[in-house]
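The structure goes in here before my entries.

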Amino acid sequence: PSIRSYPLIRMSDSGKEFLFKVLVVGDIGVGKTSIIKRYVHNFFSGTYKSTIGVDFALKVLNWDSDTIIRLQLWDIAGQERFGNMTRVYYREAVGAMVVYDVTRPQTFDAVQKWKTDIDNKVFLPDNNPIPCVLLANKSDITPSKQIKSDEEIEQYIQENNFAQHFKTSAKENKNIVEAARFLVQKIIEATKDIVEDADKDDDDYGNTVSPNDRKPEEKEGCHC
């Protein structure tokens with residue numbers, strides 16, 4: 001069965017607070033962990049052990065004067081692709097970053113399979129796919145051969161329903177903040193009706209609102 005995703009919303013008299021679960025996927029060695037470490041901790045290391053299973057990180061964003069967004073990033077190991085566990089990992093996700101390595105064409109070849117896996121397993125409440133951005137990581141390195149031209153990439157993201165494509169570098173901290181902010185904006189737009197509905201229906205301030213049934217969710221996920 002497919003998974004319907006809902007943003008977790010906490011209302012208070014000081015504003016709104018969202019918990020957005022975002023998947024970070026891609027083949028082994030594309031730099032998923034490096035991207036997350038740079039974004040969350042502004043830290044880069046040239047050596048990381050391969051992620052086993054899944055890892056988590058939390059980034060808190062003061063989105064505007066009355067909105068806080070807790071961005072829960074799920075770093076899913078490259079070898080988990082198409083495994084039975086991905087359905088469990090994808091549960092409650094409302095956005096995704098699909099990452100490839102500009103120096104390894106085979107990691108780009110795997111992008112469509114990752115995207116299809118996500119599209120087949122998790123949906124927004126309106127049955128639309130969750131917003132996804134495509135990250136061309138390690139763009140600080142000049143590849144021996146360009147994988148695709150800019151025009152071909154533009155056509156590719158349209159054909160495969162990516163919200164946008166970013167050339168990123170965890171080493172040089174290039175376009176990671178921009179890509180994350182763009183994705184969060186797309187998540188907000190995609191779940192706008194849920195948020196507005198919660199605003200109207202929530203009279204008990206301070207309680208968590210689960211948009212599908214207006215009851216506190218039994219499980220909020222990782223808050224690490």
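The entries below record what I looked up, topic by topic.

**Ground rules.** I am working with a predicted model, where local features need pLDDT of at least 70, side-chain atom pairs count only at pLDDT 80 or more, and totals for chains, interfaces and linings use all residues. Residues are numbered from 1 along each chain as its sequence is written, and side-chain values use heavy atoms, with hydrogens and water left out.

**Aromatic pairs.** I looked up how a ring pair is described: by the distance of the centres and the angle of the planes. Rings of Phe, Tyr and Trp (its six-membered ring) pair if their centres lie within 6.5 Å; planes under 30 degrees apart are stacked, over 60 edge-to-face, and the rest tilted. I found 6 aromatic pairs in the structure. One of them is F56 with W74: the ring centres are 4.5 Å apart and the planes stand at 90 degrees, so I noted the pair as edge-to-face. F56 belongs to strand β4 (residues 54-64) and W74 to strand β5 (residues 67-76), so this pair ties together parts 18 residues apart in sequence. Helices (H or I, at least four residues) and strands (E, at least two) are DSSP runs, numbered from the N terminus.

For exposure I used relative accessible area: buried is under 20%, exposed is over 50%, and partly exposed is in between (1.4 Å probe, protein chains only). F56 is partly exposed at 31%, and W74 is buried at 10%.

Next I checked Y156 and F162, whose ring centres are 6.4 Å apart with planes at 20 degrees, so they are stacked. Y156 is buried at 10%, and F162 is buried at 6%.

**Charges over rings.** A charge sits over a ring if NZ of Lys or CZ of Arg is within 6 Å of the ring centre and within 35 degrees of the ring normal. Which ring lies under the charged end of R181? That ring is W63, with its centre 4.1 Å away. R181 and W63 are 118 residues apart in sequence, yet their C-alpha atoms are 9.4 Å apart. R181 lies in helix α6 (residues 176-190) and is partly exposed at 47%. I also noted K59 over the face of Y39, 5.0 Å from the ring centre.

**Helix α1.** Y39 is among the buried residues of α1. Why did I write "largely enclosed" for this helix (residues 32-41)? Because 8 of its 10 residues are buried. These pack against β3 (15-25), β4, β5, β6 (93-101), β8 (132-137) and α6, where contact means heavy atoms within 4.5 Å. Just after α1, N42 has a positive phi of about 50 degrees.
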